Amino acid sequence: MYPLHSIDFCPICGGGLCGIRIIGSLPADSNNDDSADSATATASATAADAQNSSLAQPHGLVICDECEAIWLEPDVSTVHQYPDLEKAASPVNGMPIWGDGSRWASMEDIEWLGWTEAVNPELDAELDADSDSEEKLV
Ligand SMILES: [Zn+2]
């Protein structure tokens with residue numbers, strides 16, 4: 001699985017992408033979920049997230065998808081480190097960087113991190129986006 005958004009090619013191995021990964025669940029950003037469970041189809045997913053949200057403060061890492069070098073900041077000129085091969089945990093809080101509680105960051109995640117300026121759009125994953133909306137002018 002390729003990073004959705006990357007900041008640069010990896011200066012360590014030369015071939016990987018330095019993708020932005022978010023570790024932990026984002027805090028729920030809705031203030032009005034008093035008792036609105038009935039209509040939303042995504043209620044089960046958010047409930048699972050809510051269970052995990054108290055475990056760890058979500059944070060971002062920059063990880064090479066080839067050699068797994070890790071940067072704590074969205075700047076590959078800063079010091080990098082490598083995770084433990086056995087458990088590959090975040091150096092920030094010990095959360096597994098490839099586990100259920102983490103994912104390649106979406107643009108929304110990256111905005112939450114405040115790292116949008118670091119993203120290089122030319123390195124975004126190719127999503128085979130359906131762009132035929134332009135053709136349908138009827
Ligand atoms: Zn690398």
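Biologist: How many bridges join E2 to E3, and do they run parallel or antiparallel?
Modeller: In this predicted model, E2 and E3 run antiparallel and are joined by six bridges.

Biologist: Which residue of E3 is the bridge partner of Ile20?
Modeller: Ile20 is partnered by Val62 in E3.

Biologist: And what stands opposite Val62 in E4?
Modeller: Trp71 of E4 stands opposite Val62. E3 and E4 pair in the antiparallel sense, over two bridges.

Biologist: How many residues lie between E3 and E4 in the hairpin?
Modeller: Five residues lie between the two strands of that hairpin. In the turn, Glu68 has a positive phi of about 65°.

Biologist: Why is E3 largely enclosed by the rest of the structure?
Modeller: E3 is largely enclosed because five of its six residues are buried.

Biologist: Turning to the core, how many residues does the largest nonpolar one have?
Modeller: The largest nonpolar core has 21 residues. Those with the most contacts inside it are Ile7, Cys18, Ile20, Leu61, Val62 and Ile63.

Biologist: Which of them gives the most?
Modeller: E2 gives the most to this core, with five residues.

Biologist: Back to Ile20: what does it touch, leaving out residues up to four places away in sequence?
Modeller: With those left out, Ile20 touches Pro3, His5, Ser6, Ile7, Gly60, Val62, Pro74, Ala105, Ile110 and Trp115. Among these, Val62 is also the bridge partner of Ile20 in E3.

Technical notes. Residues numbered from 1 in each chain as written. Predicted model: local features only at pLDDT ≥ 70, side-chain atom pairs only at ≥ 80, totals over all residues. Core = buried A, V, L, I, M, F, W, Y, C linked by C-beta atoms within 7 Å. Buried ≥ 20, exposed ≤ 12 C-beta atoms within 10 Å, placed from the backbone. Helix = DSSP H or I, 4+ residues; strand = E, 2+ residues; numbered from the N terminus. Contact = placed C-beta atoms within 7 Å. Pairing = 2+ DSSP bridges.
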